[in-house]
Amino acid sequence: MRTTRTGMIAAAFVTLVASTSVWAHHGTASFDTSKDLTLKGTVTEWIWANPHCFLKFDAMDDTGTVRNWAVEVSNPTDMTKRGWQRTSFKVGDAVTVNLQPVKNGAPIGRLRTVTLPDGSSLTAMGPAPVAAPPPQ
Amino acid sequence: MRALGSFVILLAVSAPAVYTQDWNSAGLPDNVINAPKTNAASAPKRDISGIWDSGGAGIGGPGYESPPWTEWAKEKAANYRPGNGPRAVYENDINDPLSTVCDPTGFPRQVLYETRPFQMVQTPTQVLILYMFERRWRVIWTDGRPLPKDPDPRWYGYSVGHWEDDTTFVVNTIGTDERSWLDNAGNPHSADLKVEERYHRVNHDLMEMTVTLDDPKAYTRPWTPRNKMRLTLAPPNFDMMEMICSPTEVIDFRRNINERTNNK
């Protein structure tokens, strides 16, 4: 089992390559890119749309207040390349979201990674998984 | 460890589907785009038909560092509030006509920004280019007609093409609509802009695209924002995803995200 798992992990790293994070249509002026916030919450809506998909979820912050967060990722095309789908989330899913919040304190942000109810994760920034070349 | 194991399984299940599926392909994966293609078969003569993908290189999100603007360009772009580049504003203040109200991408922005996969189709008198981004198309006339004199501006201009040699197709375009921007940095252009696109098929699987702009009304010299950008031939069963600016979706995005990022 250990050998198998080690092999799988090695295979995963082989298939990972550096990929430029794509935030094509706007910059990051409103976001505090130095902050790193992780929230546990419940999905209220998943919008699969251009120019950016975004996930809305209710989460309690460190003051005990529940707020409805809206966090953006890139467009459906780029997210498809990362393995995301229109059906990646459903209302009521328990998720853990790692994000960069906006500077003004509103519950808005850019999603970095999200952990799904089954324990798997999806990433929105940084290295992206890529496919093997097609058979010749 | 458990999370990483799940991630591995996710990769194994989802990644190959990106390439091999018959419908709704987002584009070729980076490792296919970046693979050397020096051993591929020779380029066919006078044939650039097929679906081509530049991968991440084609997206051009930050925009371009242009030559100096003329006084006309400074006045033209005085009220442009771009989302990227040296003049970028806060997200809620952006007034890019493409991303905020879904104006047409226009030309040449269509080949300078979001150059996602596109299909080239050759007929006896035309080359048609069908773009995934915004699901737009262009007609390049190859029937020998000259470019029009004093044309009415069009979002996608007027284009004629010819073969410079057996593997190089050259397109000349005029008559563009100066309401469109060149890029995300808010570089303007005038209706006097002349664009030359060069499509050089290096071998069967690889093509290079070069785009040169000559717009003395707006820029102090011609410039080449795309220089031999690599394009990889996609398999013939590649079905392009839709990637369309829908005003309904943009309004929803702005209401949920942009309008709440205000820093004022």
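Student: Which residues touch the most other members of the largest nonpolar core?
Tutor: B:Trp52, B:Met132, B:Met207 and B:Ala234 do, in a core of 34 residues. A nonpolar core here is a set of buried Ala, Val, Leu, Ile, Met, Phe, Trp, Tyr and Cys residues joined through C-beta atoms within 7 Å. Buried means 20 or more other C-beta atoms within 10 Å of a residue's own, exposed means 12 or fewer, and partly exposed lies in between, with C-beta atoms placed from the backbone.

Student: Which elements give two or more residues to this core?
Tutor: In chain B they are α2 (30-34), β1 (50-53), α5 (109-112), β3 (126-131), β6 (168-174), β7 (194-203), β8 (206-214) and β9 (223-233). The most comes from β8(B), with four residues. Helices (H or I, at least four residues) and strands (E, at least two) are DSSP runs numbered from the N terminus.

Student: Before we go on, what am I looking at?
Tutor: This is a predicted model, in which local features need pLDDT of at least 70 and side-chain atom pairs count only at pLDDT 80 or more, while totals for chains, interfaces and linings use all residues. Residues are numbered from 1 along each chain as its sequence is written, and chains are lettered from A and ligands numbered from 1 in the order in which they are written.

Student: Back to B:Met132. Which residues does B:Met132 touch, not counting those up to four places away in sequence?
Tutor: B:Arg116, B:Pro117, B:Phe118, B:Met240, B:Met241 and B:Met243. Contact means C-beta atoms, placed from the backbone, within 7 Å of each other.

Student: What does the second, separate core include?
Tutor: Among its 29 residues are A:Trp46, A:Phe57, A:Ala70 and B:Val250.

Student: Now the strands of chain B. In what order does the closed barrel run?
Tutor: It has nine strands, β1-β2-β3-β4-β5-β6-β7-β8-β9, with mixed pairing. One of the pairs is β3(B) with β4 (residues 137-141) of chain B, antiparallel over five bridges. Within that pair, B:Gln126 faces B:Trp141 of β4(B). Strands count as paired if DSSP finds at least two bridges between them.

Student: How many helices are there in chain B?
Tutor: Six, along with nine strands. Chain B has a radius of gyration of 20 Å, close to the 18 Å that the globule rule gives for 264 residues, so it is as compact as a globular protein of that length. The radius is taken over C-alpha atoms, and the rule is 2.2 Å times the number of residues to the power 0.38.

Student: What does the C-alpha trace of chain B span along its principal axes?
Tutor: About 60 × 55 × 30 Å. Of the 264 residues in chain B, 41% count as buried. Among contacts in chain B with a separation of 6 or more, 62% link residues 24 or more positions apart.

Student: Is B:Met229 buried or partly exposed?
Tutor: B:Met229 is partly exposed because 18 C-beta neighbours lie inside 10 Å. The residue sits in strand β9 of chain B. B:Met209 is 20 residues away in sequence, yet the two C-alpha atoms are 5.0 Å apart. Neighbours within four places aside, B:Met229 contacts B:Ser54, B:Ala57, B:Gly58, B:Glu208 and B:Met209.

Student: On to chain A. What pattern does chain A follow along the sequence?
Tutor: α-β-β-β-β-α-β-β-β-β, that is, two helices and eight strands. Of its 136 residues, 41% count as buried.

Student: Which strands pair with β2 there?
Tutor: β2 (residues 37-47) of chain A pairs antiparallel with β5(A) over six bridges, and A:Leu39 is opposite A:Val97 in β5(A). β2(A) also pairs antiparallel with β3 (residues 54-60) of chain A, over six bridges. There, A:Ile47 has A:Phe54 as its bridge partner, and a hairpin of six residues joins β2(A) to β3(A).

Student: Where is A:Asp93 found?
Tutor: A:Asp93 is in the loop between α2 (76-81) and β5 (94-101) of chain A. With 18 other C-beta atoms within 10 Å, A:Asp93 is partly exposed. Beyond four places in sequence, A:Asp93 contacts A:Val43, A:Leu116 and A:Pro117.

Student: What pLDDT does chain A average?
Tutor: 80, with 75% of the residues scoring at least 70; pLDDT is the predictor's confidence in each residue, from 0 to 100. Residues 1-23 of chain A fall below 50, and that stretch has 34 contacts in the model beyond near neighbours in sequence. Residues 131-136 of chain A are also below 50, with 12 such contacts.

Notes. Two residues are in contact if their C-beta atoms, placed from the backbone, lie within 7 Å.
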